[in-house]
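Q: I would like to go through this structure with you, one topic at a time. Could we begin once it is on the screen?

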Amino acid sequence: MNRKIVKSTPFGPVGIIWIVLNGNAKIARVLLSRPGLSAEDTISRLYPDSQTASCPEIESVADAINAILEGNYIEISLDVAELASCSEFQQSVLHAEYRIPRGSVSTYGLIAGHLGKQNGARAAGNALATNPFPVIVPCHRAIRSDRHLGGYQGGLAMKRALLEKEGIQFDPAGRVECNHFHYE
């Protein structure tokens, strides 16, 4: 496994674990820093034998991740992600989440319902909580049905900041203000 650290993001370092499959660079995991835990430390703990390396494809993804975290509108193709490491259900949730456009949100329950899993909000939430590709798959766009944020690998402050960069507003109680949910 290879590692690439994106150091200059507004939210601290971001780690990219990547491999080469059939001659193509594929992202195996994106790790976000969160309060009290740097992505660099997480990579050292989870992937102690990984080597620092890069290539043009990984540099392009790293630059795009940084730009997204700065608030720019960039979409990273899912083709760069090694989705085979995810269960079939998680892959379907990640694909549904990926299709939520910038500036929109959906709920865990609506995503599950879209996938034909009525009462599957918790399962969809768990699939996103363990999303190996945050930012590439914009899981910050999934919220609870009561319009509160729910969770996020990079912390709730990061989730809120990313949504605000996309034009999402919040009421004084911290709930998302929107007239329509994606998949509604």
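Q: Which residue follows α6, and what is its phi?
A: This is a predicted model. In it, α6 is followed by G167, whose phi is positive, near 95 degrees.

Q: Which residues of α6 are buried?
A: The buried residues of α6 are M158, K159, A161, L162 and L163.

Q: Where does the charged end of R160 sit?
A: The charged end of R160 sits over the ring of F170, 4.2 Å from the centre of that ring.

Q: How many aromatic pairs does the structure hold?
A: The count of aromatic pairs in the structure is zero.

Q: Turning to α2, how many residues has it, and what is its reach?
A: Helix α2 covers residues 56-69, which is 14 residues. From its first C-alpha to its last it reaches 20 Å, close to the 20 Å expected at 1.5 Å a residue.

Q: What comes after that helix?
A: α2 is followed by G71, which has a positive phi near 105 degrees.

Q: Which residues of α2 are buried, and what covers them?
A: The buried residues of α2 are I58, V61, A62, A64, I65, N66, A67, I68 and L69. Their cover includes β1 (2-6), β2 (14-21), β3 (24-32) and α6 (156-165).

Q: How does α2 lie on those strands?
A: α2 lies across β1, β2 and β3, and runs at about 150 degrees to β2.

Q: Why does N66 count as buried?
A: The relative accessibility of N66 is 13%, and the cut-off for buried is under 20%, so N66 counts as buried.

Q: What is N66 in contact with?
A: Leaving aside neighbours within four places in sequence, N66 is in contact with V6, S8, T9 and P10.

Q: Where is I76, and is it buried or exposed?
A: I76 lies in the loop between α2 and α3 (88-98). Its relative accessibility is 7%, so I76 counts as buried.

Q: What does I76 contact?
A: Beyond neighbours within four places in sequence, I76 is in contact with V61, A64, I65, I68, Y98 and I136. The C-alpha atoms of I76 and A64 are separated by 7.0 Å, with the two residues 12 residues apart along the chain.

Q: Now the sheet. In what order do its strands come?
A: The sheet is open and is formed by four strands in the order β3-β2-β1-β4, with mixed pairing. Its edge strands are β3 and β4 (51-52), each of which pairs on one side only.

Q: In what sense do β1 and β4 pair, parallel or antiparallel?
A: β1 and β4 pair in the parallel sense, over two bridges. R3 stands opposite T52 in β4.

Q: How many bridges join β2 to β3?
A: Eight bridges join β2 to β3, and these strands run antiparallel. I19 stands opposite K26 in β3.

Q: What about the hairpin of β2 and β3?
A: The hairpin has two residues between the strands, and N22 takes a positive phi near 50 degrees there.

Q: Is β3 mostly covered or mostly uncovered?
A: β3 is mostly covered, since seven of its nine residues are buried.

How values were computed
Residues are numbered from 1 along each chain as its sequence is written. This is a predicted model: local features need pLDDT of at least 70, side-chain atom pairs count only at pLDDT 80 or more; totals for chains, interfaces and linings use all residues. Side-chain values use heavy atoms; hydrogens and water are left out. The expected span of a helix is 1.5 Å times one less than its number of residues. Buried means under 20% relative accessible area, exposed over 50%, partly exposed in between (1.4 Å probe, protein chains only). Contact means heavy atoms within 4.5 Å. Rings of Phe, Tyr and Trp (its six-membered ring) pair if their centres lie within 6.5 Å; planes under 30 degrees apart count as stacked, over 60 as edge-to-face and the rest as tilted. A charge sits over a ring if NZ of Lys or CZ of Arg is within 6 Å of the ring centre and within 35 degrees of the ring normal. Two strands pair if DSSP finds at least two bridges between them. Axes are lines fitted to C-alpha atoms, for helices over the stretch in contact, and angles run from 0 to 180 degrees between N-to-C directions.
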